[in-house]
Amino acid sequence: MRLSARVDYALRAAAELAAASGGPVTAEQLARAQAIPGKFLENILTQLRRAGLVRSQRGPVGGYWLARPAAEISLADIIRAVDGPLANVRGERPEHVDYGGAARSLQQVWIALRASERAILESVTLEHVSTSTLPDSVRSLAENPEAWMS
């Protein structure tokens, strides 16, 4: 799985919003806190707003905040908002890709890969990230990445 800079920045900015006390946070504050280029971040925040994940207000007391509680926004939600579907093959859902001959089983591999990604990214919320309380299954896998193979 390859995460784009856009996804990385979006996840980091969203985690900062989750850690904020609910009041508005300016794009400049977010950019400074996570060392994200300002113009790039503004574009990302617009995408997150359009997806209904953040809200914004203009003016001297304006800024951005999460549209829902951090516990209700998964990492998968953020990724889909800025980068589209979690796993696709040449822009298609794995179920719509058809291979023949010796490569026939690749479709099943792509479907399994997407399911594995979803199992992690949909179970981890912004609250988990911002409070450093990852689910046990994720923490265990991070601490011992080879454990799944046994």
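This is a predicted model: local features need pLDDT of at least 70, side-chain atom pairs count only at pLDDT 80 or more; totals for chains, interfaces and linings use all residues.
Figure 1. Helix α3 runs over residues 38–50, 13 residues in total. From the first C-alpha of α3 to the last, the helix reaches 18 Å, close to the 18 Å expected at 1.5 Å a residue. After α3 comes glycine 52, which has a positive phi, near 80°.

**Figure 2. The buried and exposed sides of α3.** Four residues of α3, namely Leu41, Ile44, Leu45 and Leu48, are buried. Because they cover an arc of only 100° around the axis, they sit on the same side of α3. Lys39 and Arg50 are on the other side of α3, and these two are exposed.

**Figure 3. What the buried residues of α3 pack against.** The partners of these buried residues include three helices: α1 (5–19), α2 (27–34) and α4. The buried residues of α3 also pack against the strands β1 (54–57) and β2 (63–66).

**Figure 4. The largest pocket.** The volume of the largest pocket is about 270 Å³. Its lining is made up of 15 residues, and those closest to the centre of the pocket are Pro85, Leu86, Ala87, Asn88 and Glu117.

**Figure 5. The lining of the largest pocket, by helix and by class.** Helices α4 (75–83) and α5 (106–121) each supply at least two residues of this lining. The largest share, three residues, comes from α5. Sorted by class, the lining of the largest pocket has 11 nonpolar residues, three charged residues and one polar residue.

Key:
Residues are numbered from 1 along each chain as its sequence is written. Side-chain values use heavy atoms; hydrogens and water are left out. On a 1 Å grid over the protein atoms alone, a cavity is a set of points where a 1.4 Å probe fits but cannot get out, and a pocket is an open set with protein on both sides within 12 Å along at least five of seven lines; lining residues have an atom within 4 Å of a point. Grid points are joined across faces, edges and corners, and a volume is the space filled by probe spheres set on the points. Ala, Val, Leu, Ile, Met, Phe, Trp, Tyr, Cys and Pro count as nonpolar, Asp, Glu, Lys and Arg as charged, and the others, Gly among them, as polar. The expected span of a helix is 1.5 Å times one less than its number of residues. Buried means under 20% relative accessible area, exposed over 50%, partly exposed in between (1.4 Å probe, protein chains only). The arc is that of the directions from the helix axis to the C-beta atoms. Contact means heavy atoms within 4.5 Å.
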